[in-house]
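Hello,

Here is the structure I promised to pass on. My notes on the packing follow below it.

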Amino acid sequence: MLKEKYTTEIADILSRYPVKRSALLPLLYLAQREQGYVSEAAMQEIAGILKLTPPQVYETVTFYTMLNLKPLGKFHLQVCKSLMCALVGSDILIGWLEKKLGIKAGETTHDGLFTISKVECLGACGTGPMMQVNDDYYERLTEEKVDRILADLKRDGTSALKTGPFMWPEPAPAKRGA
Ligand code: FES
């Protein structure tokens with residue numbers, strides 16, 4: 001149960017939002033950080049905390065591609081397929097990853113290491129094609145760079161080719177005197 005394990009963190013998140021339901025995304029992120037995805041049990045628990053219905057929580061989880069509904073590989077390769085990245089070859093990049101890993105987008109390798117997803121714009125439109133691996137961005141990708149990144153991830157769990165972290169929006173600052 002999130003409420004038992006993260007009592008203080010949840011109280012802190014809730015204190016930052018005068019309207020309780022506004023804390024939905026930070027709580028979903030907390031659930032995903034805990035399990036790697038947002039389980040049905042977590043959605044129900046969060047619905048209870050925020051006095052929402054489970055479908056209201058579910059529709060938010062399914063709207064944002066950065067929230068996962070099922071367990072993924074150790075490395076989640078999220079390739080942007082939106083217009084600017086498509087113009088500079090994101091489809092070639094996805095095809096290359098599929099060929100190298102022997103899976104299709106939406107699938108996980110048998111060893112549980114890699115999941116490929118096609119996602120919408122990740123806000124790095126000027127430096128495509130790009131992908132997010134777990135919490136890290138990799139930009140201006142080529143087939144050679146992708147080969148190196150995959151090898152680095154397998155060997156070291158990270159790669160020096162990363163260009164920066166994905167930033168979850170910070171909760172709004174607590175209201176003075178709240
Ligand atoms: S279009 Fe790919 S990051 Fe925006």
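**Helix α7 against helix α8**

The axes of α7 and helix α8 (residues 143-156) come within 10 Å and cross at roughly 40°. Axes here are lines fitted to C-alpha atoms, for helices over the stretch in contact, and angles run from 0 to 180 degrees between N-to-C directions. Helices (H or I, at least four residues) and strands (E, at least two) are DSSP runs, numbered from the N terminus.

Two points on provenance. This is a predicted model: local features need pLDDT of at least 70, side-chain atom pairs count only at pLDDT 80 or more, and totals for chains, interfaces and linings use all residues. Residues are numbered from 1 along each chain as its sequence is written.

Back to the pair. α7 and α8 are therefore oblique to each other (under 35 degrees is roughly parallel, over 145 roughly antiparallel, 65 to 115 roughly perpendicular, the rest oblique). From α7, the contact uses Leu93, Trp96, Leu97 and Lys100; from α8, Glu143, Val146 and Leu150. Contact means C-beta atoms, placed from the backbone, within 7 Å. By class, 5 of these residues are nonpolar, none polar and 2 charged (Ala, Val, Leu, Ile, Met, Phe, Trp, Tyr, Cys and Pro are nonpolar; Asp, Glu, Lys and Arg charged; the others, Gly among them, polar).

**The sheet**

The order is β2-β1-β3-β4-β5: 5 strands, an open sheet, mixed pairing. Strands pair if DSSP finds at least two bridges between them. β2 (114-119) and β5 (164-165) are the edges; each has a single partner strand, so one side of each lacks a neighbour in the sheet. β1 (residues 75-80) and β3 (residues 131-133) run antiparallel, joined by 3 bridges. Leucine 77 sits opposite valine 133 in β3. Helix α7 (residues 90-101) packs on the sheet and touches β1 and β2, its direction making about 155° with that of β1.

**Helix α4 against helix α5**

α4 (residues 40-50) packs on α5 (residues 54-63) at about 120°, with the axes 8 Å apart. That makes α4 oblique to α5. Their crossing is right-handed. Met43, Gln44, Ile46 and Ala47 in α4 meet Pro54, Gln56, Val57, Tyr58 and Val61 in α5. This contact has 7 nonpolar, 2 polar and no charged residues.

**Domains**

The chain is divided into domain 1 (2-63) and domain 2 (75-165), with bounds from an automatic or database domain assignment. Their centres, taken over C-alpha atoms, are 28 Å apart.

Best wishes

Notes
Left-handed = near helix turned anticlockwise from the far one by under 90°. Contact = placed C-beta atoms within 7 Å.
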